Amino acid sequence: MKLAVADKYDSIIQKSDLVSRDLSWLTFNDRVLDQSKKSHRSIFEKLKFLAITASNLDEFFMIRVGSLYNYLDYEKERIDYSGLREEPFKAKLMSECQTFHQDQHEHFTQVILPEMQSEHITLGNISKLSETEREKVHQYFQKVIYPMLTPMVYDGYRTFPILMNKLLVFGVVTTSPGDRKDMRKLSFVQIPANIPRFFEIERENSLFLIPIEEVIRENIISLFRNVEIAGISLFRITRNGDFTLEESEDMDANFLEEVKRKLMERKTGRVVRIEIEEGYSKWMLNSLLERWNLKMDSVFLVKRSSMLDFTGLWQVVGNKRFKERLPQVHPSVKPLSYQDEGTVEIFEALKEKDILLHQPYNNIDPILDLIDSAADDPDVMAIKMTIYRLAKDSRITKSLLRAAENGKHVSVLFEVKARFDEENNIREAKKLQKAGCFVIYGISNLKTHTKLLLIVKRDGSEITRFVHLGSGNYNEDTARLYTDIGLMTTNEVIANDVSEFFNVITGHSMPSQYQNLITAPRDMRNQLIEYIEKEAENARNGLPSGIFIKVNSLEDSETIYALYRASQSGVTIKLIIRGICCLRPQRPGLSENIEVISIVGDFLEHSRIYHFHNNGATRTYAGSADMMVRSFDKRLESLFKIEAPLLEKQLMNIISYNLRDNVNSYVMQEDGSYLPKKPAEGEPEFNIHKEFFELDPEEVSKVRLVN
């Protein structure tokens with residue numbers, strides 16, 4: 001019966017012209033898990049990618065499944081792109097999540113654990129220890145762990161305790177001696193997040209890891225004196241973390257308080273998933289399901305031979321013992337447009353030419369140097385920038401504080417709605433505010449996702465504006481891991497546009513038009529669709545045409561249908577979409593001329609590039625925006641046009657290299673699945689995460705995307 005229902009759902013899904021956003025996201029996490037299965041990767045890389053799939057899945061349940069429950073709990077109608085209503089879609093989604101969960105754990109037990117063993121890393125329990133080692137573990141429990149544990153009993157006299165999101169929890173069923181069976185009580189013991197995931201025992205040539213839950217399980221009786229333990233169940237819950245900030249009138253006070261309140265709600269949000277170890281108490285689980293209004297399809301069973309919460313594997317990856325065995329990061333190379341980096345002062349270089357950075361192949365230092373220099377230069381009058389995510393110990397914050405101390409006007413928009421970075425952003429923003437910076441805490445009903453920097457410098461009797469526009473965050477840490485594009489320029493047209501856009505962000509201004517920027521929420525969707533339709537018109541008139549787009553996600557249906565129409569007009573469309581793709585490629589009569597690839601590998605593909613052939617008068621943009629409803633309607637975003645010929649060729653070459661990659665690429669099929677792209681017979685491997693370090697300037701100068 002269940003199979004017939006599943007077949008019925010699959011039939012409805014495949015008839016849709018659009019791919020479900022959430023089902024597409026799950027296929028993306030499949031591609032990340034596939035990286036952990038690659039035979040050429042070391043055990044430490046495999047552990048890293050497995051840990052990433054776990055943190056990805058946590059966020060998916062908190063945000064996407066949380067959002068679905070917002071509809072279910074409040075009985076609001078929602079029809080997914082798949083064509084399914086709320087309940088059928090939840091059934092399908094949970095089924096797919098269960099399949100992925102099983103795949104993760106099979107890979108861990110069948111591949112990861114044996115490979116760890118061959119590397120002399122053992123994951124085991126206390127029974128495998130010597131007497132001396134057992135005593136060491138016992139002392140650790142008594143001195144470090146025991147004082148931190150707090151049993152919380154739930155019975156007729158006490159309220160149900162708040163169980164924290166994503167923590168490991170022991171549910172302990174107890175009875176008092178002589179009590180009837182129905183007099184049992186349920187207690188919870190949460191494992192604090194600041195206790196290391198594994199207790200490490202160094203042996204001469206090996207490392208023995210004991211999961212912290214095994215240490216506590218061995219000693220848990222010490223928390224329950226003179227009662228009988230009828231069952232011990234280890235589990236972990238995920239709570240709804242999806243919320244929408246309401247508009248606030250008082251931006252400086254009420255808005256920050258609203259954000260703080262919503263952060264607290266995350267801790268008590270509705271439970272959307274239970275991961276539980278086999279051998280659990282059925283009575284306890286039934287109690288939890290009833291309390292949290294969940295069905296068994298939201299329960300994810302973990303075998304004792306596996307482990308709960310693979311994010312803990314970061315402890316193994318980060319162990320200093322293995323530092324030399326981790327893949328070495330290739331040294332960054334000088335940008336093609338800034339070969340004199342390090343020998344020419346950045347302000348002087350930018351007066352002469354525009355500079356394009358492609359991180360992490362080029363490092364983020366020129367941007368940091370620009371802000372550093374601006375902070376100390378007596379001729380710099382003002383610094384304005386938008387901040388979405390910062391490094392924990394940010395060099396940028398230090399520079400801005402110094403600039404304020406040096407009497408410069410510093411304006412910073414901190415987006416306090418940057419998901420999971422809200423608390424860090426609020427903390428950093430308050431530091432700047434105390435130093436005298438003009439700080440804006442985002443715009444209440446929009447997220448400011450655009451990445452902009454403007455420096456105003458007196459140059460004799462002239463004023464020069466130095467501008468940086470990018471696809472990535474001003475974050476030194478992620479700049480080593482994410483591929484991003486950044487333009488540094490003194491071009492007056494761009495500087496004018498950026499100045500106008502800052503006035504929109506910080507004040508009450510509505511410019512009639514920009515010359516270089518395309519901005520959201522006002523113009524971006526319509527402008528991109530206009531460019532797509534122009535390519536379709538050219539194709540119908542027999543003129544050369546082509547659309548080449550690289551983004552993180554493609555979900556906006558209006559844009560997708562514009563691409564379908566262009567495909568039907570004969571336009572060649574090549575899309576490089578790392579994550580979610582709701583467009584269905586290669587469907588007869590709909591999208592035969594559309595190809596979609598996803599690149600997942602050593603670096604996280606984060607740059608956004610839009611290239612339209614335009615009958616040879618090319619239009620090439622980069623920026624912060626994906627092709628999503630939220631990007632077009634709910635965020636302040638910008639795309640900037642690249643006009644310097646060398647820089648435009650560089651962006652075209654990034655597209656070209658992405659399309660050539662046959663190591664990290666997956667080709668999307670009509671049904672929404674993906675197949676790895678492999679080198680053709682006799683074809684050498686082409687790995688963009690290596691090739692960009694060896695970039696040939698002559699090859700860049702000759703690049704063509706449309707013949």
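**Cavities, sheets and an aromatic pair**

Modeller: Searching the whole structure turns up three cavities of 30 Å³ or more. The model is predicted.

Biologist: What volume does the largest cavity have?

Modeller: About 90 Å³. A cavity is a space where a 1.4 Å probe fits but cannot get out.

Biologist: Which residues lie nearest the centre of the largest cavity?

Modeller: Ala54, Gln104, Glu275, Asp309 and Phe310, out of 14 lining residues. Lining residues need an atom within 4 Å of a cavity point. Helix 3 (43-73), helix 4 and strand 8 (271-277) each supply at least two of the lining residues.

Biologist: How many residues of the lining are nonpolar, polar and charged?

Modeller: Five are nonpolar, four are polar and five are charged.

Biologist: Why is the Phe188 and Phe235 pair called edge-to-face?

Modeller: Two cut-offs decide this. Ring centres must lie within 6.5 Å, and planes over 60 degrees apart count as edge-to-face. In this pair the centres are 6.1 Å apart and the planes stand at 80°, so the pair is edge-to-face. By the ring rule there are 23 aromatic pairs.

Biologist: What does the pair of Phe188 and Phe235 tie together?

Modeller: Phe188 belongs to strand 4 (residues 185-190) and Phe235 to strand 7 (residues 228-239), so the pair ties together parts 47 residues apart in sequence.

Biologist: In what order do the six strands of the open sheet come?

Modeller: The order is 2-4-3-7-8-9, with mixed pairing.

Biologist: What makes strand 2 and strand 9 stand at the edges?

Modeller: Strand 2 (152-154) and strand 9 (299-302) each have a single partner strand, so one side of each lacks a neighbour in the sheet. On average, neighbouring strands here are turned by 30° against each other, direction ignored.

Biologist: How do you know that strand 2 and strand 4 are joined?

Modeller: Pairing needs at least two bridges. Strand 2 and strand 4 have three, and they run antiparallel. Tyr154 has Leu186 in strand 4 as its bridge partner. Helix 3 lies across strand 7, strand 8 and strand 9, at about 140° to strand 8.

Biologist: Which order does the open sheet of three strands have?

Modeller: The order is 1-6-5, again with mixed pairing. Strand 1 (121-123) and strand 5 (198-202) are at the edges with a single partner strand each, so one side of each has no neighbour in the sheet. Neighbouring strands of this sheet are turned by 20° on average, direction ignored.

Biologist: How do you know that strand 5 and strand 6 pair?

Modeller: The threshold is at least two bridges. Strand 5 and strand 6 (residues 207-211) have five, in the antiparallel sense. In strand 6, Leu207 is the bridge partner of Glu202.

Biologist: Which strands does helix 4 lie across?

Modeller: Helix 4 (residues 86-118) lies across strand 1 and strand 6, at about 135° to strand 1. Helix 5 (residues 131-145) lies across strand 5 and strand 6, at about 145° to strand 5.

Biologist: How do you know that strand 26 and strand 27 pair?

Modeller: At least two bridges are needed. Strand 26 and strand 27 (residues 674-676) have three, in the antiparallel sense. Tyr666 has Pro676 in strand 27 as its bridge partner. Strand 26 (residues 665-668) also pairs with strand 21 (residues 594-599), antiparallel over three bridges. There, Ile597 stands opposite Val667.

Biologist: Which residue takes a positive phi in the hairpin of strand 26 and strand 27?

Modeller: Gly672, with phi near 95°. This hairpin has five residues between the strands.

Methods
Residues numbered from 1 in each chain as written. Predicted model: local features only at pLDDT ≥ 70, side-chain atom pairs only at ≥ 80, totals over all residues. Heavy atoms only, no water. Helix = DSSP H or I, 4+ residues; strand = E, 2+ residues; numbered from the N terminus. Axes fitted to C-alpha atoms, helices over the stretch in contact; angles between N-to-C directions. Contact = heavy atoms within 4.5 Å. 1 Å grid on protein atoms, 1.4 Å probe; cavity = no way out; pocket = protein on both sides within 12 Å on 5 of 7 lines; lining within 4 Å. Points joined across faces, edges and corners; volume = space filled by probe spheres on them. Nonpolar A, V, L, I, M, F, W, Y, C, P; charged D, E, K, R; others polar. Phe/Tyr/Trp six-rings, centres within 6.5 Å; stacked < 30°, edge-to-face > 60°.
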